[in-house]
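Hi everyone, thanks for coming.

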Amino acid sequence: LLNRTGQGRHFLQIPGPSNTPDRVLRAIDFPTIDHRGPEFANLGLRILQAIKPVFGTTNPVIIYPGSGTGAWEAAMVNTLSPGDRVLMVETGQFATQWKNLAQKLQLQPEFISGDWRTGVNPADIHARLAADPEREIKAVCVVHNETSTGVTSDIASVRAAMDAAKHPALLMVDTISGIGSIAYAHDQWGVDVTIAGSQKGLMLPPGLGFNAISDKAIEASKHAKLPNAYWRWDEIIAANRNGYWPTTPATNLLYGLAEALDMLHEEGLHNVFERHQRHAQATRLAVQAWGLEILCTNPDQYSPVLTAVVMPKRADGTYYDADAFRKLVLGRYNMSLGTGLNKLQGWVFRIGHLGHFNDLMLIGTLGGVEMGLAAAGVPHQRGGVQAAIDYLAKS
Ligand code: PLP
């Protein structure tokens, strides 16, 4: 199927989909059951409880068969009306795709421009909301972990900026690549809709989308006028009370989710988040030791989930080709690294260090990058792997 002849396991080091643990794969392998039968309700109720702490909420978390993009759409069509203004921030490719989706839904996004190397500046949000006395802006939509750039944004500060402007807009946050890897506090941060997906920190294959929702978002959903049917929260919330869904749920992915949630809670969410911070720091030390540049220019915003790396330039000012380098790494070492998306294509590659991941997987990953740089003739200093080992040994 995969046409890979090499021995050993493939290293899937893109920033999602991430490696699925064997425990989760085994769980998904169980026979599909009647999704209207009694056994299913036990599974449903268990999952719907166990997912809440991962989002930092005591409110409902809606689970859809669907990808992250579907969960974006769900967030918007449940809460907004045609022509509504939404304030968004250009942190990178995913923020851009979300803005495009908002346009297709006949919303009016205002896009605060960005350089794709830094996160949301809460002062920008405050300034724009303060200049909206008519309260025309109905939602502020930001990406928590911008997967295209390896930059995180401080959501509590965005909420503080909205509160300082005394603005009633909803706060919507995409943490598709943050959930299960970066500490997240939907309730405490005053987020109204949190959007997530299964294929990254939750360690599942792609195929589930999530909306965590506040009381204010539920209230907004009673008056929203964008057409919606499949994505409607009210029918799902009603069926979820008894552990069911109104339409056929992704039964086997839910088996996997139950297992993945057990794994996250067994390790302890705090430890999961610390593990990601530690691997991210080790990765950055390796990149710095190679003498390469990290795309994110604000160290306070470094992502715990992935590191985007800038290729060095040749004497003529052009970049060494990031995709040729990735191709070589895939062919020789059976490892997939993330490509540079959109305007980052060709000069940036991304190292995913998220989800089901440990010290030796990280060292293998960095080993593949360091060997690949040498084999591709990309100028760098040796010693990145050693720098990571030294850091892991003492931390
Ligand atoms: N938002 C972010 C931050 C993402 O990383 C992704 C996918 O990688 C998406 C949105 C889109 O999600 P999907 O591809 O699952 O539809």
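Helix α6 (residues 122-130) and helix α7 pack at an angle of about 25°, and their axes are 8 Å apart. The two helices are therefore roughly parallel to each other. As for that wording, angles under 35 degrees count as roughly parallel, over 145 as roughly antiparallel, 65 to 115 as roughly perpendicular, and the rest as oblique. The axes are lines fitted to C-alpha atoms, for helices over the stretch in contact, and angles run from 0 to 180 degrees between N-to-C directions. Helices (H or I, at least four residues) and strands (E, at least two) are DSSP runs, numbered from the N terminus.

Before I go on, a word on where this comes from. This is a predicted model, so please remember the cut-offs: local features need pLDDT of at least 70, side-chain atom pairs count only at pLDDT 80 or more, and totals for chains, interfaces and linings use all residues. Residues are numbered from 1 along each chain as its sequence is written.

Back to our pair: α6 and α7 cross in a right-handed way. A crossing is left-handed if the near helix is turned anticlockwise from the far one by less than a right angle, and right-handed if clockwise. On the α6 side, the contact is made by Pro122, Ala123, Ile125, His126 and Leu129, and on the α7 side by Ser157, Val158, Ala160, Ala161, Met162 and Ala164. Contact here takes C-beta atoms, placed from the backbone, that lie within 7 Å. By class, the contact of α6 with α7 has nine nonpolar, two polar and no charged residues. Ala, Val, Leu, Ile, Met, Phe, Trp, Tyr, Cys and Pro count as nonpolar, Asp, Glu, Lys and Arg as charged, and the others, Gly among them, as polar.

Now to the sheets. In what order do the strands of the open sheet of seven run? The order is β2-β10-β9-β8-β5-β3-β4, with mixed pairing. Two strands pair if DSSP finds at least two bridges between them. At the edges stand β2 (61-65) and β4 (108-112), each with a single partner strand, so one side of each has no neighbour in the sheet. From one strand to the next, the twist averages 20°. Strand β2 pairs with β10 (residues 208-213) in the antiparallel sense over five bridges, and Ile62 has Asn211 in β10 as its bridge partner. Our friend α7 (residues 155-164) packs on this sheet, touching β5 (137-143) and β8 (170-174), and its direction makes about 165° with that of β8.

There is also an open sheet of three strands, with the order β11-β12-β14 and antiparallel pairing. Here β11 (293-294) and β14 (348-352) are the edge strands, each with a single partner, so one side of each is left without a neighbour in the sheet. Between β11 and β12 (residues 306-310) there are two bridges, in the antiparallel sense.

Next, look at α13. Helix α12 (residues 322-333) and α13 (residues 359-375) pack at an angle of about 115°, with their axes 9 Å apart. That makes α12 roughly perpendicular to α13. Their crossing is right-handed. Helix α13 also packs with α14 (residues 384-394), at an angle of about 165° and with axes 9 Å apart. These two, α13 and α14, are therefore roughly antiparallel to each other. In that contact, Asp359, Leu362, Ile363, Leu366, Gly367 and Glu370 of α13 meet Gly384, Val385, Ala388, Ile389 and Leu392 of α14. By class, seven of these are nonpolar, two polar and two charged.

Most residues other than glycine have a negative phi, and most peptide bonds are trans. Gln106, though, has a positive phi, near 70°, and Gln106 is found in the loop between α5 (93-104) and β4. Which bond joins Gly16 and Pro17? A cis peptide bond, with omega about 0°. Pro17 lies in the loop between β1 (11-13) and α1 (22-28). Gly16 is also one of the residues around the ligand, which include Ser67, Phe94 and Asp174; "around" means a C-beta atom, placed from the backbone, within 6 Å of the molecule. That shell has three nonpolar, seven polar and one charged residues.

Technical notes. Two residues are in contact if their C-beta atoms, placed from the backbone, lie within 7 Å.
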